[in-house]
Protein chains: 2
Amino acid sequence: MNQVTGAPGTSRPGGRTARVREAVLRAAGDALVDKGIGGVDLAEVARRAEVGKTTVYRRWGTVPGLVADMLAEMAESSLPRARTGALDTDLAALAGLILKTLADARQGPLFRAIIAAAASDAQTAAALHRFYRVRIEEWAPCVNEAVARGDVPEGTDAAEVVRALSAPLYYRFLVSGDPLDAGVAERAAVAASAAARAGVYA
Amino acid sequence: MNQVTGAPGTSRPGGRTARVREAVLRAAGDALVDKGIGGVDLAEVARRAEVGKTTVYRRWGTVPGLVADMLAEMAESSLPRARTGALDTDLAALAGLILKTLADARQGPLFRAIIAAAASDAQTAAALHRFYRVRIEEWAPCVNEAVARGDVPEGTDAAEVVRALSAPLYYRFLVSGDPLDAGVAERAAVAASAAARAGVYA
């Protein structure tokens, strides 16, 4: 099919649209990281992405529309969950992934800016909550598998275990400002596992 | 002494300064709740507080200066920690207090706006971190007392237990958007206690 075999530069159905989306979301991300949500301007994003201004206005409409699509794209391209065969190592992998994201020179400021923007914009908040719902659902089976193995009590709320593991990392990142490091991530995983085994989330 | 016995309306040492501060911080809080950090204007705060503009500029200087003083005032006037004599009930009291604050019609939006502002302003971030450092230090002795009673292992990091308890509430409030209720607060307290007893924070 043309979509698959078309030579580089060939106009493929979906190809150009996907490239425009990638360029626009990258430029919007750059602006968010550099200037925060208040500094994102659709015309400037179009210029930096080398895309027509009308394309950006027609397709994304507003800055919250652009941020919502950025979060949708992040959810689509996020790594799949770990499958290590044991709860503790699965949770350690998730904690490590969250740490890596929040400590990343680009992803960290990007999430910080988007979460801040969600405080004053309902569309951004809805997109943010959708992003985390997708991520929590992706990882919840790690806990369900542990229930099936008999490592964690029947009826454990798998999503709540994933939230419990994530929370200490985000708390430091957004609220208390205490440093984030591998020790913090490891402790978050061990604490969530200990509480889950103790039946706190059942 | 005059500070104590002066009739209402009497000019007491510190009295007028304290009243000006209270009026200005209240007006600034109103503006933050109504319009977010971008909508706070020192001249407008002065007008709403019925205080001279030059007083506000001289004393607080900038919006981040005003927000920093708001957080300092919140730390000064925060409730003292619980002293129920048992770790679980002390932690339940703290979780209930955090829930009450975040779910409060004024305090919730105020914290949300300040935390968002901290994402893009270093002075606000420093003041926010200071506020939580004070609160965490206020509650940490609940854990140290549990260590002394032998309920929790020696060497447990008391501040980390307080952070662990706080984190799930803030995670829902700021990140995932999942609802906050008494069940969530109770589970946060039970989870922190279970992990602390299991030696996760030692």
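Arg172(B) and Glu160(A) form a salt bridge, with 2.6 Å between the closest N and O atoms. The salt-bridge cut-off is 4 Å. In this predicted model, the count between chain A and chain B is 6 salt bridges. Another rule, for polar contacts, finds 6 residue pairs across the interface of the two chains, both residues at pLDDT 80 or more.

Which elements of chain A give two or more residues to the side that touches chain B? They are helices H7, H8, H9 and H10. Their residue ranges are tabulated here.

| Element of chain A | Residues |
|---|---|
| Helix H7 | 107–118 |
| Helix H8 | 122–149 |
| Helix H9 | 158–176 |
| Helix H10 | 182–197 |

H9(A) supplies the largest share of this side, 11 residues. By class, the side of chain A that touches chain B holds 19 nonpolar, 4 polar and 6 charged residues.

Now the extent of the interface. Contact involves 29 residues of chain A and 29 residues of chain B. Together the two chains bury about 2600 Å². Carbon and sulfur atoms account for 69% of that area. Three residues, Tyr171(A), Val175(A) and Arg187(A), supply 23% of what chain A buries against chain B.

One stretch of chain A carries a record. An unreviewed UniProt entry annotates residues 41–60 of chain A as "DNA-binding region". In the model, residues 41–60 of chain A are 80% helix and 0% strand. The end C-alpha atoms of this stretch lie 12 Å apart.

Terms used. Residues are numbered from 1 along each chain as its sequence is written. Chains are lettered from A and ligands numbered from 1 in the order in which they are written. This is a predicted model: local features need pLDDT of at least 70, side-chain atom pairs count only at pLDDT 80 or more; totals for chains, interfaces and linings use all residues. Side-chain values use heavy atoms; hydrogens and water are left out. Contact means heavy atoms within 4.5 Å. Buried area is the accessible area (1.4 Å probe) that two parts lose on being put together, summed over both. A salt bridge is a side-chain nitrogen of Lys or Arg within 4 Å of a carboxyl oxygen of Asp or Glu. A polar contact is a pair of N or O atoms within 3.5 Å; within protein, one must be able to donate a hydrogen and the other to accept it, and residues adjacent in sequence count only if both atoms are side-chain atoms. Helices (H or I, at least four residues) and strands (E, at least two) are DSSP runs, numbered from the N terminus. Ala, Val, Leu, Ile, Met, Phe, Trp, Tyr, Cys and Pro count as nonpolar, Asp, Glu, Lys and Arg as charged, and the others, Gly among them, as polar. UniProt positions are given in the numbering used here, feature names are shortened, and annotations may be inferred rather than shown by experiment.
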